[in-house]
Amino acid sequence: MKTTRPRQFWDDYASRFKNRSLAEAYEFRPPYPEETYRILLSLLGESHGKILDVGCGTGKIARTLVKHVGSVDAVDFSQEMIQVGKSLSNGNHPKLRWIIGPVEDVQLYPPYRMVTAGASIHWMDWNVVFLKFGEVLTIDGYLVIIDGDRPVGAPWHDAELSLIRKYSTNKHYREIDLVQELTDRGHIHLIGDKRTAPVNFSQPLTAYVQSFHSRASLSKENMGEENVSAFDAELSQILSDFVDIDGLLSFQLETRVTWGRPLR
């Protein structure tokens with residue numbers, strides 16, 4: 001069994017999420033489809049107890065669920081991310097507790113009926129956090145991994161991907177199936193795996209382009225001003241044929257929701 005994460009997820013890349021510009025760019029990421037949250041609430045059943053959202057970023061998941069559950073603890077090691085999150089909708093909700101620090105080290109307040117994680121689970125120390133998840137979850141609780149806030153089936157995908165590879169500052173990056181990787185490494189016992197139905201979404205071209213700078217590999221601080229300007233211009237050119245008269249880019253969104261039990 002493999003014991004270390006792929007090199008592309010080492011901590012020198014994760015630290016970039018502490019950059020202010022990256023945190024501010026998060027608001028431009030497309031939302032998860034509403035069905036995502038219906039799946040999460042259905043997994044909770046009628047109890048709707050306490051949730052732990054790890055690597056919460058600006059709280060996209062936590063700020064949506066807090067209106068429907070007992071309470072949410074939202075953990076992120078980036079103070080910048082949490083500061084932005086507090087300024088957004090439900091960011092100061094009385095049932096939402098923000099916790100700053102690596103989930104590997106912070107004090108938690110179990111028991112939790114559910115632990116949720118987005119793509120940020122890439123950056124955690126898997127040998128530590130899955131043991132911790134198992135300790136803080138209730139006996140019938142789930143670990144849920146949510147993935148998918150990018151366009152699906154977009155006609156510009158290949159050209160966009162080539163551009164990302166050209167400008168990415170993470171030269172170790174390779175495409176992986178995160179859930180399969182975690183399963184193969186013996187970190188999670190899968191119980192369910194569901195994709196939401198595709199939904200239509202539109203946003204200004206400028207916002208879509210800026211959303212890429214919320215990625216560690218394309219953070220403005222690490223790319224430098226010249227490369228940021230060049231990337232933005234080239235991506236805007238690629239997308240110019242797909243923008244409507246109002247400057248909006250339209251595409252479909254689909255989220256994968258996977259749940260199971262962490263293996264100790």
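**Entry 1: the second largest pocket**

How do the residues of the lining of the second largest pocket divide into nonpolar, polar and charged? I looked this up and found six nonpolar, three polar and five charged. My classes put Ala, Val, Leu, Ile, Met, Phe, Trp, Tyr, Cys and Pro under nonpolar, Asp, Glu, Lys and Arg under charged, and the others, Gly among them, under polar.

A note on what I am reading: this is a predicted model, where local features need pLDDT of at least 70 and side-chain atom pairs count only at pLDDT 80 or more, while totals for chains, interfaces and linings use all residues. Residues are numbered from 1 along each chain as its sequence is written, and side-chain values use heavy atoms, with hydrogens and water left out.

The second largest pocket holds about 200 Å³ of space. It is lined by 14 residues, and E27, R29, P31, K60 and R63 are the closest to its centre. Two elements, α3 (34-44) and α4 (60-65), each give two or more residues to this lining. The largest share comes from α4, with three residues.

For my own reference, a pocket is an open set of points on a 1 Å grid over the protein atoms alone, where a 1.4 Å probe fits, with protein on both sides within 12 Å along at least five of seven lines; lining residues have an atom within 4 Å of a point. Grid points are joined across faces, edges and corners, and the volume is the space filled by probe spheres set on the points. Helices (H or I, at least four residues) and strands (E, at least two) are DSSP runs numbered from the N terminus.

**Entry 2: K60**

I stayed with K60, which is found in helix α4. A polar atom of the K60 side chain lies 2.9 Å from the backbone oxygen of P30. Beyond its neighbours within four places in sequence, K60 is in contact (heavy atoms within 4.5 Å) with R29, P30, P31, Y32, Y37 and D149.

**Entry 3: helix α3**

Buried here means under 20% relative accessible area, exposed over 50%, and partly exposed in between, with a 1.4 Å probe and protein chains only. The buried residues of α3 are E35, T36, Y37, I39, L40, L41, L43 and L44. Their cover includes β1 (50-54), α4, β4 (112-117), β5 (137-147), β7 (188-195) and β10 (256-262). After α3 comes G45, with a positive phi near 70 degrees.

Next I went to strand β4 and picked M114. M114 counts as buried, at 0% relative accessibility. Leaving aside neighbours within four places in sequence, M114 is in contact with L40, L43, L44, K50, I51, L52, L137, Y142 and V144. From M114 to V136 I get 22 residues in sequence and 9.3 Å in space, C-alpha to C-alpha.

G141 lies in strand β5, and at 0% relative accessibility G141 is buried. With neighbours within four places in sequence left aside, the contacts of G141 are R113, G260 and R261. G141 and G260 are 119 residues apart along the chain, with 8.6 Å between their C-alpha atoms.

Which residues of helix α7 (residues 157-167) are buried? I found E160, L163, I164 and Y167. They cover an arc of only 100 degrees around the axis, which puts them on the same side of α7; the arc is that of the directions from the helix axis to the C-beta atoms. These buried residues pack against α9 (205-211), α10 (220-223) and α11 (225-239). The face of α7 turned away from the buried side carries the exposed residues D158, R165 and K166.

S217 sits in the loop between α9 and α10 and is buried, with a relative accessible area of 16%. Not counting residues up to four places away in sequence, S217 touches R16, Y167, S168, T169, N170 and M223. S217 and S168 are 49 residues apart in sequence, yet 5.1 Å apart in space, C-alpha to C-alpha.

Most residues other than glycine have a negative phi, and most peptide bonds are trans. With that in mind I noted N90, where phi is positive, near 65 degrees. N90 lies in the loop between α5 (79-86) and β3. I also noted a cis peptide bond from P110 to P111, with omega near 10 degrees. P111 lies in the loop between β3 (96-100) and β4.

Notes:
A polar contact is a pair of N or O atoms within 3.5 Å; within protein, one must be able to donate a hydrogen and the other to accept it, and residues adjacent in sequence count only if both atoms are side-chain atoms.
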